[in-house]
Amino acid sequence: MDAVTLLTITVLAVFVGFEVVSKVTSKLHTPLMSGANAIHGIILVGAIIVAGQTQDAALLVVALIAVVLATANLVGGFVVTDRMLEMFGGRKSTKGGEAK
């Protein structure tokens with residue numbers, strides 16, 4: 001594929017992704033984030049495989065950058081999901097058994 005076709009696909013994917021995610025209610029963000037974390041895990045595995053099998057130095061640099069960015073994205077997704085789940089959780093009880 002030529003560069004114009006790849007750029008067109010990327011721009012269309014960004015617009016479609018924005019429209020789909022912006023219409024999601026706040027109650028569905030946690031399952032959406034969980035699905036996104038699974039996809040980011042697959043991307044991380046793919047980046048590690050590419051980094052481990054490449055012989056070209058330039059491709060190795062790009063693959064290692066991809067591993068770092070995918071790791072940051074995966075960890076950040078889990079942190080955000082954990083914070084969102086805490087918002088939906090019940091109140092914690094104190095030692096006396098009474099809720100705050």
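**Exercise 1.** Find which residues His40 is in contact with, leaving aside its neighbours within four places in sequence, and decide whether His40 counts as buried or exposed.

*Solution.* Start from the meaning of contact, which is heavy atoms within 4.5 Å. Once the neighbours within four places in sequence are left aside, the contacts of His40 are with Asn73 and Leu74. This is a predicted model, in which local features need pLDDT of at least 70 and side-chain atom pairs count only at pLDDT 80 or more, while totals for chains, interfaces and linings use all residues. Residues are numbered from 1 along each chain as its sequence is written, and side-chain values use heavy atoms, with hydrogens and water left out.

Finally, His40 counts as buried because its relative accessibility is 19%, where buried means under 20% relative accessible area, exposed over 50% and partly exposed in between, with a 1.4 Å probe and protein chains only.

**Exercise 2.** Determine where Val16 is found and why Val16 counts as exposed.

*Solution.* First, Val16 belongs to helix α1. Its relative accessibility is 53%, and therefore Val16 counts as exposed.

**Exercise 3.** Describe the secondary structure of the protein chain and state what share of its residues count as buried.

*Solution.* Counting the elements gives three helices and zero strands, which follow the pattern α-α-α when read along the sequence. Turning to burial, 14% of the 100 residues of the protein chain count as buried.

Note on methods
Helices (H or I, at least four residues) and strands (E, at least two) are DSSP runs, numbered from the N terminus.
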